[in-house]
Amino acid sequence: MSSLHYVAGIDFGTTNSAVSVSDGGEPHMIQIGHGSTTIPSALFFDESTRSVFMGYDAYNKYREPFSEGRFMRSLKRILGTPIMSTGTQIYGKNTKFEDIIAYFIRYLKEKLDTSVNQSVTDVVMGRPVHFRDNDSSGDDAAQNQLEQIAHNVGFKNVEFQYEPIAAAFAHERNLTSEHLALVIDIGGGTSDFTVIRLGANLMNKPDRTDDILANTGVRIGGNDFDHA
């Protein structure tokens with residue numbers, strides 16, 4: 001078994017999800033389904049076999065003729081809402097949404113662990129600027145719920161990074177001089193906006209707080225556009 005220390009990055013998105021890993025060197029994406037580094041954030045609970053299908057497999061199973069079960073997606077939008085505590089019916093019994101989301105996060109971790117041949121216990125998870133608009137307690141609850149789910153599936157050390165800031169840092173690696181950047185992150189469930197100072201000379205600063213000049217978001221995203 002490898003003795004390298006790995007740190008994972010997980011983007012649990014409203015529409016799609018992805019996983020990356022690094023041993024301190026160049027991070028790389030891992031394949032998590034059908035040869036792809038991204039999969040739909042979807043689950044299908046098959047009633048006949050009591051099996052759970054993820055991502056593309058969930059879509060394919062749902063579309064099969066005469067399939068019976070529950071198809072679920074965009075579960076990220078439930079975090080921090082009262083619905084989290086009520087649960088829903090799966091296989092004829094009430095199931096907590098924490099457990100339903102855990103099925104999906106556990107699947108991502110299993111793919112991650114298989115890719116590096118060991119259990120990865122450190123993870124940085126992306127999060128929107130606001131899980132809940134104008135609701136600080138709901139916003140805190142959403143992050144706490146996602147953190148607890150990550151712990152429940154086997155991660156020991158869980159940190160969070162705002163998704164538009166993570167995108168800015170990824171872009172920064174290709175810069176040779178200092179720039180001001182406006183990062184626009186239109187996701188499935190939220191749209192986030194960040195003004196940030198970027199530059200090769202800034203990358204190794206341990207604290208980038210003073211480089212983030214403005215950061216806000218709204219809970220409107222691609223799902224809302226599709227619905228409208």
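This is a predicted model: local features need pLDDT of at least 70, side-chain atom pairs count only at pLDDT 80 or more; totals for chains, interfaces and linings use all residues.
1. Helix 3 spans residues 97-116, a run of 20 residues. From its first C-alpha to its last, the helix reaches 29 Å, close to the 28 Å expected at 1.5 Å a residue. Directly after helix 3, Asn117 adopts a positive phi of about 60°.

2. Which residues of helix 3 are buried? They are Phe97, Ile100, Ile101, Ala102, Phe104, Ile105, Tyr107, Leu108, Lys109, Leu112, Asp113 and Val116. In general, an α-helix has 3.6 residues a turn, so residues three or four places apart point the same way. The buried set of helix 3 includes Phe97, Ile101, Ile105 and Leu108. Lys109 and Asp113 also belong to the buried set.

3. The structure contains 14 salt bridges. One of them joins Glu163 and Lys76, with the closest N and O atoms 2.7 Å apart. Glu163 belongs to helix 5 (residues 163-172), while Lys76 sits in the loop between strand 7 (69-73) and helix 2 (83-86), so this pair ties together parts that are 87 residues apart in sequence. Glu163 and Lys76 are both buried.

4. A further salt bridge links the side chains of Arg208 and Asp211, at 2.6 Å from N to O. Are these two residues buried or exposed? Arg208 counts as buried because its relative accessible area is 9%, under the 20% cut-off. Asp211, at 2% relative accessibility, is buried as well.

5. Arg208 and Asp211 also take part in a network of salt bridges.

6. Arg50 and Glu47 form another salt bridge, in which the closest N and O atoms are 3.9 Å apart. This value falls within the 4 Å limit for a salt bridge. Glu47 has a relative accessibility of 32% and therefore counts as partly exposed.

7. On the surface, a nonpolar patch is formed by Leu182, Ile184, Ile186, Phe193, Val218, Ile220 and Phe225. Together these residues present about 660 Å² of accessible area. Which strand gives the most to the patch? It is strand 12 (residues 179-186), with 3 residues.

8. Phe193, one of the patch residues, lies in strand 13 (residues 191-198). Its relative accessibility of 32% places Phe193 in the partly exposed class.

Notes. Residues are numbered from 1 along each chain as its sequence is written. Side-chain values use heavy atoms; hydrogens and water are left out. Patches are made of residues with over 30% relative accessible area and no salt bridge: like charges are joined within 9 Å, nonpolar side chains (Val, Leu, Ile, Met, Phe, Trp, Tyr) within 5 Å. Accessible areas come from the Shrake-Rupley method with a 1.4 Å probe; for residues, only the protein chains shown count as cover. Helices (H or I, at least four residues) and strands (E, at least two) are DSSP runs, numbered from the N terminus. Buried means under 20% relative accessible area, exposed over 50%, partly exposed in between (1.4 Å probe, protein chains only). The expected span of a helix is 1.5 Å times one less than its number of residues.
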